Amino acid sequence: LIVSMGTGTALVYAEAGKEPQYLGGTGVGGGTLLGLSRKMIGVDTIEHIEQLCEGGDLSKIDLTIKDITQQGQFPEMSINLTASNFGNLSDLADSHDIALGIANMVAETIFMMAIFAARSKGISDIVLTGNLTTIAPIRRVFEGLASHFGVRFIIPENSSFGTVIGAALYEG
């Protein structure tokens with residue numbers, strides 16, 4: 001499964017010797033990250049968003065499973081998983097917290113779409129490409145959630161140029 005994370009996100013299933021299959025996509029991607037960050041916290045560069053995320057606290061933004069269940073109620077589910085993005089937005093949340101919440105929501109949305117697509121194909125290896133692969137808080141979400149869902153994310157060298165490289169190599 002190849003997940004191309006650009007302005008939006010596209011999911012493509014590729015198998016050696018077969019025609020690639022477009023599985024679908026979402027408008028959630030880098031454009032969402034930039035647009036929401038611009039409107040909510042007045043920041044519109046990836047560098048500034050990344051800097052703000054470093055000081056953020058998701059507990060002031062997101063509702064987790066542990067916030068809405070009793071301990072041990074769902075033993076197969078990590079209590080630290082997000083139950084609702086922005087579902088616990090505190091009036092004490094600052095721009096650091098909000099930046100991290102936006103990045104987390106974008107990454108988790110893409111992550112779950114990738115998981116559903118991978119499960120539909122019976123695979124566990126997922127290749128990530130696109131500009132969002134270079135953003136530290138986005139990468140951390142993927143790295144942190146992979147083991148919970150039994151998948152392996154592969155981020156190739158020059159992943160931000162994956163679409164261009166693929167198009168140049170395509171002999172269709």
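A pocket here is an open set of grid points with protein on both sides within 12 Å along at least five of seven lines, and its lining residues have an atom within 4 Å of a point. Keep in mind that this is a predicted model.

**Stop 1: a pocket.** Select Leu-58, Thr-64, Asn-80, Leu-81 and Thr-82. Of the 18 residues that line the second largest pocket, these lie nearest its centre. The elements giving two or more residues to this lining are α3 (65–68), α4 and α5. The top contributor is α5, with five residues. Colour the lining by type: four residues are nonpolar, nine polar and five charged. The volume of this pocket is about 230 Å³.

**Stop 2: the core.** Now select Val-3, Ile-126 and Phe-142. In the largest nonpolar core, which has 38 residues, these three touch the most other members. Next, show α4: this helix gives the most to the core, with 13 residues. Zoom in on Val-3. Beyond its neighbours within four places in sequence, Val-3 has contacts that include Leu-11, Ile-110, Ala-114 and Ile-126.

**Stop 3: the rings.** Select Phe-111, Phe-142, Phe-149 and Phe-153, which ring pairs link into a cluster. The whole structure has four aromatic pairs. Look at Phe-111 and Phe-153: their ring centres are 5.4 Å apart and their planes stand at 45°, so this pair is tilted. Phe-111 sits in helix α4 and Phe-153 in strand β7 (residues 152–154), so the pair ties together parts 42 residues apart in sequence. Both Phe-111 and Phe-153 are buried. Turn to Phe-142 and Phe-153: with centres 5.0 Å apart and planes at 85°, the pair is edge-to-face. Phe-142 belongs to helix α5, so its pairing with Phe-153 of strand β7 joins parts eleven residues apart in sequence.

Notes:
Residues numbered from 1 in each chain as written. Predicted model: local features only at pLDDT ≥ 70, side-chain atom pairs only at ≥ 80, totals over all residues. Heavy atoms only, no water. Core = buried A, V, L, I, M, F, W, Y, C linked by side-chain atoms within 4.5 Å. Buried < 20%, exposed > 50% of the residue type's maximum accessible area, 1.4 Å probe, protein only. Helix = DSSP H or I, 4+ residues; strand = E, 2+ residues; numbered from the N terminus. Contact = heavy atoms within 4.5 Å. 1 Å grid on protein atoms, 1.4 Å probe; cavity = no way out; pocket = protein on both sides within 12 Å on 5 of 7 lines; lining within 4 Å. Points joined across faces, edges and corners; volume = space filled by probe spheres on them. Nonpolar A, V, L, I, M, F, W, Y, C, P; charged D, E, K, R; others polar. Phe/Tyr/Trp six-rings, centres within 6.5 Å; stacked < 30°, edge-to-face > 60°.
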